[in-house]
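Please keep the sequence at hand while reading.

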Amino acid sequence: MTKQIYVINGPNLNMLGIREPHIYGHNTLQDVQDLCELTAKALGAEVVFHQSNVEGELINWIQEARTAACALIINAASLTHSSIGIYDALKALDIPIIEVHLSNPHAREDFRHKSYVSPVAFGVVAGFGIQSYRLAIDGLRGKRWLFKWNLKTALDSFLGRAIYPFKRFHLNGLRSMF
Ligand code: DQA
């Protein structure tokens, strides 16, 4: 099973290329997805890429990432600066979270200086346009999480196939070791 890196994008990022190109550039969200997939491939990982303008949908994907992903890259866009719901959902994860922005919010309006993602993020990449996403994924290179997830997944799928029907209790015990 391939390692999955979740890349989650918030409101208005579907408008990339059209929306304020002097700030966000001319690339589209499809370009961002292509770049993420290419970068992840070099790490032997696969990207699960999502965008929504709806807060609840973002929260559902964050919750899904808890068991499905080895890392989460998130550009929560405007919700970065306002969403306690996203903060709470991120807090429940024990995989690395990397906060990403195309622009540098700290060089912009005051209301963009507050982030509800930063306090739970392992790292933050901002200001490099769509290259921020590439740098974030590249930053995972050689990190133990990719390896740890690999072991857990390999064990899960091996034990799951071999003995899961008979040893559900013991399997859960083993899982908690990783
Ligand atoms: C953004 C910065 C946010 O302040 C803004 O609301 C966005 C995009 C960025 O990628 O630069 O929508 O997250």
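The shell around the ligand holds three nonpolar, six polar and one charged residue; here Ala, Val, Leu, Ile, Met, Phe, Trp, Tyr, Cys and Pro count as nonpolar, Asp, Glu, Lys and Arg as charged, and the others, Gly among them, as polar. Its members are Asn 12, Asn 75, Ala 77, Ser 78, Thr 80, His 101, Leu 102, Ser 103, Pro 105 and Arg 112, where a residue belongs to the surroundings if its C-beta atom, placed from the backbone, lies within 6 Å of the molecule.

This is a predicted model, in which local features need pLDDT of at least 70 and side-chain atom pairs count only at pLDDT 80 or more, while totals for chains, interfaces and linings use all residues. Residues are numbered from 1 along each chain as its sequence is written.

The protein chain contains seven helices and five strands, taken as DSSP runs (helices H or I, at least four residues; strands E, at least two) and numbered from the N terminus. Their order from the N terminus is β-α-α-β-α-β-α-β-β-α-α-α. Of the 178 residues in the protein chain, 29% are buried, that is, 20 or more other C-beta atoms lie within 10 Å of their own, with C-beta atoms placed from the backbone.

Strand S3 (residues 71-75) is largely enclosed by the rest of the structure, because five of its five residues are buried. On one side of S3 these are Ala 71, Ile 73 and Asn 75, and on the other Leu 72 and Ile 74. Strand S1 (residues 3-9) runs parallel to S3 and is joined to it by five bridges; strands pair if DSSP finds at least two bridges between them. Tyr 6 has Leu 72 in S3 as its bridge partner. S3 is also parallel to S4, with three bridges between them, and Ile 74 stands opposite Glu 99 in S4.

Pro 105, one of the residues around the ligand, sits in the loop between strand S4 (97-101) and strand S5 (123-126). Why does Pro 105 count as buried? Pro 105 does so because it has 20 C-beta neighbours inside 10 Å. Leaving aside neighbours within four places in sequence, Pro 105 is in contact (C-beta atoms, placed from the backbone, within 7 Å) with Arg 112, His 113 and Ala 126. Pro 105 and Gly 127 are 22 residues apart in sequence, and their C-alpha atoms are 7.9 Å apart in space.

Terms used
A residue is buried if 20 or more other C-beta atoms lie within 10 Å of its own, exposed if 12 or fewer, and partly exposed in between; C-beta atoms are placed from the backbone. Two residues are in contact if their C-beta atoms, placed from the backbone, lie within 7 Å.
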